[in-house]
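Please examine the structure shown below, with attention to its strands and its aromatic side chains.

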Amino acid sequence: MLLLGCIKEVSDYELAISLPNGLSGFVPVTQISDAYSKLLTKQVAQGELLEELNSLPDMFSPGTLVRCIVTSIEKRDDGSRSVKLSIDPKKVNRGLSSTALAAGMLLSGSVSSVEDHGYLIDIGVTGTHAFLPHQKAKNYIKAAKKGPDLKIGQNLNCLIVEVKNEGRVVCLSVERSEVAASIATERQNWALSNLLPGLVVKARVQKVDPLGMKVTFLSYFTGIVDFMHMDPEKSTSYSPDQVVKACVLSVQPTSRAVRLTLRSPFLHAGGAPRQLPGQRMGAVLEEATVKAFYKQFGAVFELDDGTLAFARLKHLSKTRKSFKPGAFKEGCKHKCRIIDYSLMDEMCIVSLKHQIIEAQFLQYQDIHSGDVVQGKVVSLKPIGMQVKVAHGIRGLVPSLHLSDVILKQPEKKYNIGDEVKCRVLECNPEGKKLILTLKKSLIQSKLPVLSNYEDAKPGLITHGFVVCAREFGCIVKFYNDVKGLVPKNELGSEPISCPDKVFYEGQVLKVMVLKCEPQQERLLLSFRLSSKPGPEDKWKCTPKEKQEAKYQIGQIVDVKILKKKDNGLEVSILEDEDNVVAWIPTLHLSDFVATSKLLWHCLQEGDVLPRVMYLSDKGQHIILSRKSAVISAVQEEQVVRSFSEIQPGMLLTGYVRNVMPFGVFVEFPFGVTGLAPKVSMSDKFVTDTKDHFVVGQTVIAKVMSIDEEKQRVLLNLKVSECSSGDSAAESFSLLNQYFKELKEIRNLLRRGEPSICELVPGKRVHLVVQDVREDGSALFSSSSVTGLTVTATRYHLGDKNIAPGEKRKAFVLHVDALTSEVYVSLREELLKQRPKRVSMRSVFGFVPFCLS
């Protein structure tokens, strides 16, 4: 089907086309012309920009009429249809042959090459070469304001001036005055097979009807003019046998249906339809008067400014069942909203639906950076999440912005159809590009939105997110692609030698603007928001001052160790200008109890711990946790915030608070607790509960039942019941976290106890016998084990008789970093073995507790 369309929007990859009767379609960048497609292919193959290849915005302008052919109609997921079009002359003019060409014909062409004296034009007719002299193009080029020359792929409305050699050569003109004066006549031998939209003809009225009228033109053609394309000022004065000027809108060769328009802007070839004033789009009109109602199509309204508007049938009521035809008699008034404008019909499209009238956003232009919007999850892809904000408006949440922390498996947190609350990071209406964030710290921020460099005044404090952490500092990004540098000396009150170990990509932080150069788009920032008190002032914070520091459960902070105490670490929160003091219990340093104790042993006052989570505020103490599994559960919203949210069957991550003879009490983030009875603790028979769990151990528990009256929760800790499905992936993730923490401990140990890091199970060492005990065991010493207690049991001395002072070769069995004890063996069968890789029991002599 051939149609006359009007370019509505132009992007780098497609043209949005307004079609008759309120329809729309899209021309992909690959459907412009053969010459343009060849340049695209060449550019892709070479991998570099071609000088002769111009972008679509460089060649096309909104408001320009173009001839199109429908290539396909695709059905979208939401049930709507997408019309794909082509303006390639080979497809649009496929009904023409070289012998049918005649002077005065008006047809579409595309620039295929630039020559010395003019342009070769592709008109899509096999065996015909079309030429456009410079003289016939200069005025058009001047008026188009697209550069000094026509560009390859540029679409033109061409008038045939001369035909030579039986149609093998034609001379063209694109002069606006000549094109506008052209009228199709019988002498040009138009046939239904090659009739083109956009032709202006003289037509004779045959029959007038409320829905339109029937006309004849070019002697033997018949066509239809529907009610939307009759001249509004003359719609009641048309009569049979009246001769009118008309423009062909569409041609359907298979059904022989031809539709025309009598609207004045189309009656001069190459004309341009009237545009809707920008401020009218989205306007809500309290009273629009019904002018006519068509039961199969919709209703025509007269708006407050006297112009006409059309509402499709589906937009007259919420549902078909609630539709009342009696409410749309001529003269009835209704509240409506302008939702679109049909360039080809020169008519506003309105809706009477309440949800559309009250909608916050109607088009991309209504959305601004920093706006908080509600949306619905449409799809989850590796690059991020697609969110539907409103009808026709979709945005992308990049994977970095799905949460305050990076989600490895976002499909576990989000489902298709979920309602989500987002904040707009960037909106480009021209390119219909909308970038959103789901980071709660950005969504809930009350600080100013920094969306342009001009607003970045020195002293401004706002939230931003880290996009890069390197040895020179951090690059922090804000809204609308505004970004700046936090140099190394401004990362904190204390020197930070390795920023990439303290800060991570996507981390949301408060920053202060130090300096801005808007013209150069350079921004200098600082994480030091104000002057910090000295060390002697850190302990002067009153309990009231501590309580005024507003933190939310799940918030990630970086801390510095102030004091080591027997049962935990006293720390200060680095990002807080008030130097708030918090507490990390020893058992919250890791998911693994043994690792927690070892970390406490290795850490020193002054060390910085990144990515610690705010857990609770009990009394006058802020409690923090470094348990990776607990942090992930909170960040991925796999938690309950109150007793009312608990449902049987839920899998929740928590930690053992108490081990009693009758069962285990488990606490979860946000303070909810539950009991796992003895019979539900393990897949094995439980004799003593203390043999299975220890206080502080991280566990995954399944909710068995709840007692709302007594506010009690019964849990199941059996491993067979507490897997989310992919037990292998869970185990590998847990093991990976364990080894990461072991590596961290090794690095910490090298500072104060380098010798213990060199001893690993399986290593051969030379020792000196120091003493032989009464039980048959022996003590050893050596320069390589200074400060360590090295022991071999009687069994591991083998059949050797040893005496103090003797030198012996030994095999390291086990290293206990907490007690600085090393266990070795002198047995020949071990010493003769070839060295093997270190087992999971590792240098520190323990394996992790598995999450139940």
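Predicted model: local features only at pLDDT ≥ 70, side-chain atom pairs only at ≥ 80, totals over all residues.

Reader: In what order do the five strands of the closed barrel run?

Author: The barrel has mixed pairing. Strand E17 (residues 298-302) pairs with strand E18 (residues 308-312) in the antiparallel sense, whereas E18 and strand E20 (residues 347-351) pair in the parallel sense. From one strand to the next the twist averages 50°. The order of the closed barrel is E16-E17-E18-E20-E19.

Reader: Which residue in E19 is the bridge partner of Val284?

Author: Strand E16 (residues 284-294) and strand E19 (residues 333-342) are joined in the antiparallel sense over four bridges. Val284 belongs to the E16 range, and its bridge partner in E19 is Arg337.

Reader: Which residue takes a positive phi in the hairpin of E17 and E18?

Author: E17 and E18 are paired over five bridges, with Phe301 opposite Ala309. Five residues lie between the two strands of this hairpin, and the one with a positive phi near 90° is Gly306.

Reader: Is the pair of Phe293 and Phe328 stacked or edge-to-face?

Author: A search of the whole structure gives ten aromatic pairs. In this one the ring centres are 6.1 Å apart and the planes stand at 20°. Since planes under 30 degrees apart count as stacked, the pair of Phe293 and Phe328 is stacked.

Reader: Is Phe328 buried or exposed?

Author: Phe328 lies in the loop between E18 and E19, 35 residues from its partner Phe293 in strand E16. Phe293 has 25% relative accessibility and therefore counts as partly exposed. Phe328, with a relative accessible area of 5%, is buried.

Reader: How many residues apart in sequence are the parts that Phe503 and Phe527 tie together?

Author: The two rings have their centres 5.2 Å apart and their planes at 40°, so the pair is tilted. Phe503 lies in the loop between helix H8 and strand E29, and Phe527 in the loop between strand E30 and helix H9. Both residues are buried. The parts they tie together are separated in sequence by 24 residues.

Reader: What is the relative accessibility of Ala701?

Author: Ala701 is placed in strand E39 (residues 698-707). Beyond its neighbours within four places in sequence, Ala701 is in contact with residues including Met650, Phe668, Leu715 and Cys722. Ala701 counts as buried because its relative accessibility is 1%.

Definitions and conventions
Residues numbered from 1 in each chain as written. Heavy atoms only, no water. Buried < 20%, exposed > 50% of the residue type's maximum accessible area, 1.4 Å probe, protein only. Contact = heavy atoms within 4.5 Å. Pairing = 2+ DSSP bridges. Axes fitted to C-alpha atoms, helices over the stretch in contact; angles between N-to-C directions. Phe/Tyr/Trp six-rings, centres within 6.5 Å; stacked < 30°, edge-to-face > 60°.
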